[in-house]
Amino acid sequence: MLVANDTISLFINGAERHVATHPGRRLSEVLREDLDLKSVKIGCDAGDCGACTVLIDGAQHCACLAPVIQAEGCQIETLEATEAVLVQRLQTAFLNHGAAQCGICTPGMMVAAMDLLRTVPQPSESQVQDALGGVLCRCTGYRKIIDAVMDVGETPLRRGVDGPVVGQSIPRLDGQPKVDGTEVFGADFVPEGALLIRAVRSPHFHAEFAFGDLTAWAATHPGVKAVITANDIAGENAFGVIPPLADQPALARGHVRYAGEPVALVAGEPDDVEALNLSDFPVSWAPQPHSLTEIEGAASGASLVHEDRPENTLIRGNVTCGTPDEALDAATHVVTGRFETSYVEHAYIEPEAGAAWMDADVLTIQACTQAPVMDQEETAKVLGLPKNKVRIIPSAAGGGFGAKLDLTLQPLLGLGVLKTGKPCYMVFSRTESMKASTKRHPGTMEASIGADASGRIQAMVFHGDFNTGAYASWGPTVATRVPVHASGPYLTQNYRATSRAIHTNGPTAGAFRGFGVPQAAITQELLYDELATKCGLDRLAFRRDNALADGDRTPCGQVLQAVGMRDCLDALAPHWDRAGEEAAAFNAVHKDRKRGIGIASCWYGCGNTALPNPSTIRMGITPDGRLKLHQGATDIGQGANTVIAQIAADSLGIEIGAIELIGPDTALTPDCGKTSASRQTFITGRAAEAAGKALRDVILRQTNLRDLTKLALGEGVLIASDGSTERTIALGDLAADEHGYVLSVEETYDPPTTTLDENGQGTPYAIYGYGAQIAEVEVDLKLGTTKVIHITAAHDVGRAINPLLAEGQIEGGIAQGLGLALMEEYIPGKTEDLHNYLIPTIGDVPPITSILIEKPDPEGPMGAKGLGEHVLIPTAPAILNAIRDASGAKITKVPALPHRVLAAIKAAQP
Amino acid sequence: MAASSSYQRPDTLDEALAILAEGDWQVAAGCTDILPATQRKVLDGPIVDITAIDELRGITRTDDGLRIGATTTWTDIIKADLPPAFDGLKLAAREVGATQIQNRGTLAGNLCNASPAADGVPPLLTLDAMVEVSAADHMEQVPLAAFLTGPRQTALRQGEMVSAIQIPTAAMSGQGHFLKLGARRYLVISVAMTAARIVAVDGVVTEAALAVGSCGPVATRLPEVEAALIGRPLDVDQITDAAVGAALKPIDDIRASGAYRTNSAAELLRRTVEAV
């Protein structure tokens, strides 16, 4: 028997490489760690996501499932190590089509595509789907990936045209590293000599715990350098996203409130710590009674998750206007319903990962995040450091969708560095990520809506109980947003919507694309279909008749402007007619399969609800003639790096290629707030617009010109012209400021909102976006299965800064909405991997027709409104309405799994 | 032969069987089940990796029928030129995970993993598959239904491994088909799946093999339903909900209710037979 590691030879793109390693080590690890082929991404270590797809002897494999010895002597190709020509064409096609958003799945997608394209140079859609079916993407909705793979050829990279770029579908400015595999995600940078940190987590939903002899345990485990517990926390061991409600310990002290809560950290030599079996860690658990659903948490006698929150109630929300009860009584037609939604997992393909180290006396943390400044503030608070002694460098984020807003591993990394004095890194496993991260709030919602004889909405009463899980997180935001939005984008003058966020011992529910509004929209939009039917009106026409319009008051009493709701519905009307005719024709000749169509609308306020949430943009010109845009809005794939730069370029009046992007980085970029609430295009966009204009004014003053028709930068010079006079400024002659700029500006924008009174009256948002979607589905009446055939989406974006990226948001949101409707149900303790928790694959997302409506909002940058969350809201109710249209099935609990649909079909039969 | 203390990769079956005779080793091939089962970055032993054993790979015709070597992958099945009786097995192969999994995963591993939702089992049951079990001192052919003794349980004893799957000549006639029902298109564990192989002579069914998976602790043949099909022109109405339901023991789980499984298995089975 040999005891030493074997030397294994691999042929990496034809070149023989030798590695000394354990023969059973995952090939993915060897490629990433020993051969530095970091395009091989680790999303699950289980063959469920395909992010590590490589070619072995020309065939696609999940590198995580191959013991390295099985690749001995084989030809291995990764995105960065393969034939250049095909990859170059794929890169161009992916960039042109916007097929890479966050970029974490992109290498796997491209490698799987290579496997196909070598044998099938011009594949069909179904061939692409079959070949790429093993790679999951959570951002794009897959359609642009399919388009890209079908369009690999000689097409050159699409560049921006000369002149203004707002409104142009330029490829994303940060796209190249995403398509060549060099993007640095959380797990892709580990400082030299860094220790690995692993967390010891609770196996129980609710328990008291005590440690045994930690010192003795550490001493008997070689390589372990430190064991860290709550006793090591010098600051306040309670973080949160809403400071007065901060309640989540970085490491629990004696008491855990959910399964997966960290209680200790082990830091040490990576190989040793990786190999630790933590089941012998000295901790004893005393399980306590627990609740997992909002109904259990709200039950009388349920044990309190937090002693100071009676009835397990974190917060209640309320918006009331008019006389809802009287108006309901007087209504001609009234519908009432109760709906339930499930926990939904964000399922970004990149599990949380990052590294931290000391840079002089500054703790520097590079990790995936959506909220660098909050990370900085909260981590400093937990660690007992001044804010300026913590620096956050967001790594590329391999998806976020809301769950990377909360602190995840940042304080844990900091604790490791402070305790050991060494750089540290941490990479969550898929299961760890799913246990530890936040989820979409499950909701139990009841509503009644009344209309008069002509089909005009008279009143709505709504209540939603939301399971907010173990800690506060964004529970208050959901409890506030839902009552503001539960009417849908329809004029509702008598209204009462209440909400309650209920603590349980389930995973903490936080932010997830829409903050509770998608759940409420299911309730409201399904009831609207019933109401339209009762009124004898076409379902689209009924919505159009009741849609909000300019000058209407919302239930909060806010008078709206720039409402594009009717424009969206009008744009959908011909599609609605076409889809209805096609469904009828299909149904005339099919018995066991029936098609149906459904429609639903959305509205969504952009930015924080009734709270300040400013963004600040800095722009500067260096003495050597470089223009830098300090862009602090984290781009988690949605496109802020591109959109903000487009706005800044046009506002200043310079070619976009002249702009160099800086950041995000808390040491380099002013605060642009969180990438949440569909706020970056609007709020950071406004700051960028203001900064561009301010810099333009600075240049006008500097050059004594009245107008700028041409602005260019050269080596150490700025050349400006008003059309008749051209001036050249020698930048080196000007004094540089503290940031090294000779000309610079910094501009802040904070949307004008007001607080809401006890009835929810006020101005919660400065801007709203609107949209509506049609779903066409086919339901198998015998099996209860649903196939979505087509989605048509019309969204009022005010101004499409980048139509390609806007379509990418629409398609990605629809894919997540489809998952919410049909398959996604996170069950604590049961679906903690991507094998049992299902998200849509490339074969599940139908063709999508996107229609961009541009009704400019005077408050938005160049008229633009937010879009990122809006797009998910109508999808699920549109699909559910289509299922009912096809089959009669009235779905009251999502996801509409086949057994639920079949039961509903049977219940609907006479 | 590559080796480390706990990871052996022999070149011959005899070597593998000799190692297995020494103690409690786990056999590894495509690793699509055993690597996901560990959170580790290495497949830590004791492991006998059988993928270097040439004699175990591939599909060969024998005097008795067809021999599918233990390391034959799903992709090997998809690419193989096989009679129409194997169409169900080929369809099942295309439904295993996605291409990456089909390129690594083996039929024999699918049997040894013994998941109630193993995609390969229903079509192999309709092919009257025999499992060739080898050990250092013996070799035997075990009917697949006897090999699978329960969820995640097989008849394999210590020192034994599966060296091949044998399809008898008698079961290679007729036309096969397979359907899988799940909540998404790719990478999905089935809610229910059905396989059929039908032999008809002059329009009359002379032989019928039907199997259902994911609807009980192990996939199962349905002899009573099969009998009802034989001796008449193909008539799917003979596949009644009651008869199918009587043969199944489905459970409620995260994917579906047991009652739904029974209902859908009968419907799927009718469609499977109809498509033959």
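What pLDDT does chain B average, and what share of the residues score at least 70? With that settled, please look closely at strand β22 of chain A and the strands that pair with it.

Modeller: This is a predicted model, and in it chain B averages a pLDDT of 96, with 98% of the residues scoring at least 70. For the complex, the predictor gives an ipTM of 0.97 and a pTM of 0.98.

Chain A contains 22 helices and 33 strands. Its radius of gyration is 27 Å, close to the 29 Å that the globule rule gives for 910 residues, so chain A is as compact as a globular protein of that length. The C-alpha trace of chain A spans about 80 × 80 × 60 Å along its principal axes, and buried residues make up 64% of the 910 residues. Of the contacts in chain A with a separation of 6 or more, 78% are between residues 24 or more positions apart.

Now to the part you asked about. Strand β22 of chain A covers residues 495-503, and it is mostly covered, with 8 of its 9 residues buried. One of its partners is strand β12 of chain A, residues 313-321, which runs antiparallel to β22(A) and is joined to it by 8 bridges; in this pairing A:Ile315 stands opposite A:Ala501. Another partner is strand β21 of chain A, residues 457-469, which pairs with β22(A) in the parallel sense over 9 bridges, and here A:Asn467 has A:Ile502 as its bridge partner.

Strand β17 of chain A, residues 390-394, is mostly covered, with 4 of its 5 residues buried, and 5 bridges join it to strand β16 of chain A, residues 362-367, in a parallel arrangement. Within that pair, A:Leu363 has A:Val390 as its bridge partner. The chain crosses from β16(A) to β17(A) through helix α11 of chain A, residues 372-383, and this β-α-β crossover is right-handed.

Finally, the two chains meet. The contact takes 49 residues from chain A and 42 residues from chain B, and on the side of chain B that touches chain A, helix α4(B) gives the most, with 5 residues. By class, that side of chain B has 21 nonpolar, 13 polar and 8 charged residues. Helix α22 of chain A, residues 898-908, has buried residues that include A:Val901, A:Leu902 and A:Ile905, and what covers its buried residues includes α10 of chain B together with β31, β32 and α21 of chain A.

Conventions:
Residues are numbered from 1 along each chain as its sequence is written. Chains are lettered from A and ligands numbered from 1 in the order in which they are written. This is a predicted model: local features need pLDDT of at least 70, side-chain atom pairs count only at pLDDT 80 or more; totals for chains, interfaces and linings use all residues. A residue is buried if 20 or more other C-beta atoms lie within 10 Å of its own, exposed if 12 or fewer, and partly exposed in between; C-beta atoms are placed from the backbone. Helices (H or I, at least four residues) and strands (E, at least two) are DSSP runs, numbered from the N terminus. Two strands pair if DSSP finds at least two bridges between them. A crossover is right-handed if, with the strands pointing away from the viewer, the path from the first strand over the helix to the second runs clockwise. The radius of gyration is taken over C-alpha atoms; the globule rule is 2.2 Å times the number of residues to the power 0.38. Two residues are in contact if their C-beta atoms, placed from the backbone, lie within 7 Å. Ala, Val, Leu, Ile, Met, Phe, Trp, Tyr, Cys and Pro count as nonpolar, Asp, Glu, Lys and Arg as charged, and the others, Gly among them, as polar. pLDDT is the predictor's confidence in each residue, from 0 to 100.
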